[in-house]
Amino acid sequence: MKSNPEPSTQEVLAGLVERVTFHNPENGFCVLRAKARGHRDLVTVVGHAAVISAGEWITASGEWINDRAHGQQFRARFLKTSTPSSIDGIEKYLGSGMIRGIGPVYARKMVKAFGEKVFDVIEAEPDRLREVTGIGAVRAKRITDAWAEQKVVREIMVFLHSNGVGTARAVRIFKTYDADAVQVMTENPYRLARDIRGIGFKTADAIAMKLGIEKTAMIRLRAGISYALTEAMDEGHCGLPTDQLIPLAEKLLEAPKDLILTALELDRSDGAVIADKVGDAACMFLAGLSRAELAIADRLLRLARGRLSRPWIDET
């Protein structure tokens, strides 16, 4: 049965995750049951998170919907998670299986031994974990390694959120680049448009502006030229006459012609675009499309010149 969402006004929801009903590690989609502020009963939250566990504190912005199959839900467009601070939340979090080497039994022992300081112990004084009965050198290392991995994920998500990336897109970026996500975005956020389906030039450009990249930066102008040629492709063109491409790029990028020409020459030198002629018109093609066109033409010529694999059939 299809759902029939009825969105209301946007609002913020905050609370403790009691249970993770579903989480897809590939795209981050999750269904949570949370004890939210201002709500007596547990509420259902649907959204995206790179990692999520019972016991975590969530802050979500979105709207309430009434789903025909599942009832009232809070659909989170933005979902931020943080480690719990209460004893109950800490024990739930540690016992959820999120950190390898810790289950409910060891979670209870660790909270009893270190209380609210347990996360500080894991991070700053990992040798003290061996004070807990049953935790030896191997298990202690497994715990500290898993904690370090979780910390990297959280730091990346915080970086992405702080630069205007919504949660669903942030998960896709993290899944694509893993621990290199921050480095990729700071060096060239326009790679997002090239590497991740569903993120186009305009989205990457908005992120780049948040990161402080100038409108006249060469990485932006070169990405914009590729975007202009891709837009032409969507309209059925494999390339564009140069005298059409340049004014189109000027308008799209709001940059002067001399800088567009410089960017175009850099793209041509690097092989990102191919200069060719169609009749008397000088044209520019994306390298991949140019190679595809030449391969198709070569294949058609070979077929036309080749011998038939079977004798000619006279249909008369």
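Reader: At 31% relative accessibility, does R128 count as buried, exposed or partly exposed, and which class applies?

Author: A residue is buried under 20% relative accessible area and exposed over 50%, with partly exposed in between. In this predicted model, R128 has a relative accessibility of 31% and therefore counts as partly exposed. R128 is found in the loop between helix 3 and helix 4. Leaving aside neighbours within four places in sequence, R128 is in contact with F114 and V121.

Reader: Where does A228 lie, and is A228 buried or exposed?

Author: A228 lies in helix 9. With a relative accessible area of 2%, A228 is buried, because the value is under 20%. Beyond the neighbours within four places in sequence, the contacts of A228 are L240, L245, L248 and L252.

Reader: What span should helix 9 have at 1.5 Å a residue, and what is the distance between its end C-alpha atoms?

Author: Helix 9 covers residues 218–234, which is 17 residues, and at 1.5 Å a residue these should span 24 Å. The end C-alpha atoms of helix 9 are 24 Å apart, which agrees with that expectation. After helix 9 comes G236, with a positive phi near 100 degrees.

Reader: Which residues of helix 9 are buried, and what do they pack against?

Author: The general idea concerns the helical repeat: an α-helix has 3.6 residues a turn, so residues three or four places apart point the same way. In helix 9, the buried residues are R220, L221, A223, G224, I225, Y227, A228, L229 and A232. These buried residues pack against helix 8 (201–210), helix 10 (242–253) and helix 11 (257–270), and also against strand 6 (239–241), strand 7 (273–278) and strand 8 (281–286).

Reader: At what angle do helix 8 and helix 9 pack?

Author: The angle gives the relative direction of two helices, and the handedness of the crossing is read separately. Helix 8 and helix 9 pack at about 165 degrees, with their axes 11 Å apart. An angle over 145 degrees counts as roughly antiparallel, and helix 8 and helix 9 are therefore roughly antiparallel to each other. Helix 8 passes helix 9 in a left-handed crossing. Helix 8 contributes F201, K202, D205 and M209 to the contact, while helix 9 contributes R220, A223, G224 and Y227. By class, the residues of this contact divide into four nonpolar, one polar and three charged.

Reader: How are helix 9 and helix 11 arranged relative to each other?

Author: Helix 9 and helix 11 pack at an angle of about 75 degrees, and their axes are 9 Å apart. They are therefore roughly perpendicular to each other. M218, L221, R222, I225 and S226 of helix 9 make the contact with L259, I260, T262, A263, L264, L266, D267 and D270 of helix 11. This contact of helix 9 with helix 11 has eight nonpolar, two polar and three charged residues.

Reader: At what angle do the axes of helix 4 and helix 5 cross?

Author: The axes of helix 4 (residues 137–162) and helix 5 (residues 167–177) come within 10 Å and cross at roughly 130 degrees. That angle makes helix 4 oblique to helix 5. The crossing is right-handed. On the side of helix 4, V153, I156, M157, L160 and H161 meet T167, A170, V171, I173 and F174 in helix 5. The contact of helix 4 with helix 5 has eight nonpolar, two polar and no charged residues.

Reader: Which residues of helix 1 are buried, and what covers them?

Author: Helix 1 (residues 87–95) has G89, I90, Y93, L94 and G95 buried. Their cover includes strand 1 (11–23), helix 2 (104–114), helix 3 (118–124) and helix 4. Helix 1 is followed by G97, whose phi is positive, near 95 degrees.

Reader: Where are D178 and E254, and what is the phi of each?

Author: D178, a residue other than glycine, has a positive phi near 55 degrees. D178 lies in the loop between helix 5 and helix 6 (181–187), and is partly exposed, with a relative accessible area of 46%. E254 is not a glycine either, and its phi is positive, about 50 degrees. E254 is found in the loop between helix 10 and helix 11, and at 54% relative accessibility E254 counts as exposed.

Methods. Residues are numbered from 1 along each chain as its sequence is written. This is a predicted model: local features need pLDDT of at least 70, side-chain atom pairs count only at pLDDT 80 or more; totals for chains, interfaces and linings use all residues. Side-chain values use heavy atoms; hydrogens and water are left out. Helices (H or I, at least four residues) and strands (E, at least two) are DSSP runs, numbered from the N terminus. The expected span of a helix is 1.5 Å times one less than its number of residues. Buried means under 20% relative accessible area, exposed over 50%, partly exposed in between (1.4 Å probe, protein chains only). Contact means heavy atoms within 4.5 Å. Axes are lines fitted to C-alpha atoms, for helices over the stretch in contact, and angles run from 0 to 180 degrees between N-to-C directions. Angles under 35 degrees count as roughly parallel, over 145 as roughly antiparallel, 65 to 115 as roughly perpendicular and the rest as oblique. A crossing is left-handed if the near helix is turned anticlockwise from the far one by less than a right angle, and right-handed if clockwise. Ala, Val, Leu, Ile, Met, Phe, Trp, Tyr, Cys and Pro count as nonpolar, Asp, Glu, Lys and Arg as charged, and the others, Gly among them, as polar.
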